[in-house]
Amino acid sequence: MTSIQEITLEGQPCIEMTAGDYTSILAPGIGNNMIRFRDNKRKMEIFRYDEEHPYTAPANSTETYGYPFLYLPNRLDNGILKVSDATYHLPVNEPGPFYNCLHGFIQKRPYTVVEKTVINEDAVRVVSEYVYDEQDEFYSFFPVSFTLRMTYTLSANDGLLQEVEMQNNSQHMLPCGFCSHTPLKAPFVDGTNEKDYVLCVPVVERWELTNRCLPTEKTHPLTEYDQRYNDGTMDCVNHNIDNDLYTGGMNTLNGKEFHGAYATHVPSGQKVCYEVSDEYQFWCMWNDRGVNGYFCPEPCTWMINAPNLTLPPEKTGYVEIAPGETYECWQHIFTCGQ
């Protein structure tokens, strides 16, 4: 069964998508956040979701509920954004001792839904856009217009696919760096213990960070702690994961190459699988001290403070596009197991 229907949550318009055993709820008004994603058959609540306050909770904390998509991602040192043809000074919204521009602004903007389609008996699609121009209050700091187009496809067989296109509408170079600050629920299988969850992330090298959470531009070989991500034995919660930043590599899932991460409920073997396109070269892990019932494996196309680093773009993931050009990437989240 597939369907798309408009619903209201706490007085606000949302879109409910159903495909097979999957149900999701999209809130275009909060950064086009997919605030709920559930596998009904496996009884898995995948994202952090507040049943009492399904809309106001993500509206009031846009980076810690649902499926937040960020531009500009991570941190920029003192709000400075260096592009090949300009230097921009963005608001510093992270208090001391950090003093950075944190997470950009797009996760707070209302998108316009431009398409709702039942593709077939197995899949549905919703397309939304945000046009960034002089009407946005952020434009006074960053006067580079663009259109961000996001397509969500929910499939009975393949789960949730997010495709993103960013088009440069300006006469300036447009930096393209994205991150999803995805809070996976712990526990994500109904009625289970949050202590029974482990995370597997393909990590290659660890980046050293300062006390302001900015890269020193030095990397370190993987320690025994870091190797737990590769081994799939890293506890998701009940200890503090605080911005573990790595260059990513290739994983395996069910004996096949898999460019992504996955979390497992060990007793049942049920997994949330998080596949990403090649543009996502980095992973940053965070779990809000490990005591709040969620954890964030964050795929990033560029690393923290990438525009301002002295390292080459092929090392930092920094990308910018010329006027009229388009940048594309995708993410794919699905369940598997018993």
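**Exercise 1.** List what phenylalanine 146 touches, not counting residues up to four places away in sequence.

*Solution.* Contact means heavy atoms within 4.5 Å. By that rule, phenylalanine 146 touches Tyr71, Phe105, Ile106, Tyr130, Val131, Tyr132, Met166, Gln167, Asn169 and Leu174. The model is predicted: local features need pLDDT of at least 70, side-chain atom pairs count only at pLDDT 80 or more, and totals for chains, interfaces and linings use all residues. Residues are numbered from 1 along each chain as its sequence is written, and side-chain values use heavy atoms, leaving out hydrogens and water.

**Exercise 2.** Classify the ring pair of phenylalanine 105 and phenylalanine 138.

*Solution.* Start with the rule. Rings of Phe, Tyr and Trp (its six-membered ring) pair if their centres lie within 6.5 Å; planes under 30 degrees apart are stacked, over 60 edge-to-face, the rest tilted. This rule gives 24 aromatic pairs. Here the centres are 4.2 Å apart and the planes at 20 degrees, so the pair is stacked. Next, check burial. Buried means under 20% relative accessible area, exposed over 50%, partly exposed in between (1.4 Å probe, protein chains only). Phenylalanine 105 is buried at 2%. Phenylalanine 138 is buried at 9%.

**Exercise 3.** Classify the ring pair of tyrosine 274 and tryptophan 283.

*Solution.* The centres lie 5.8 Å apart and the planes at 85 degrees, so this pair is edge-to-face. Both tyrosine 274 and tryptophan 283 are buried.

**Exercise 4.** Find the ring under the charged end of arginine 75.

*Solution.* A charge sits over a ring if NZ of Lys or CZ of Arg is within 6 Å of the ring centre and within 35 degrees of the ring normal. The ring is that of phenylalanine 98, with its centre 5.5 Å from the charged end.
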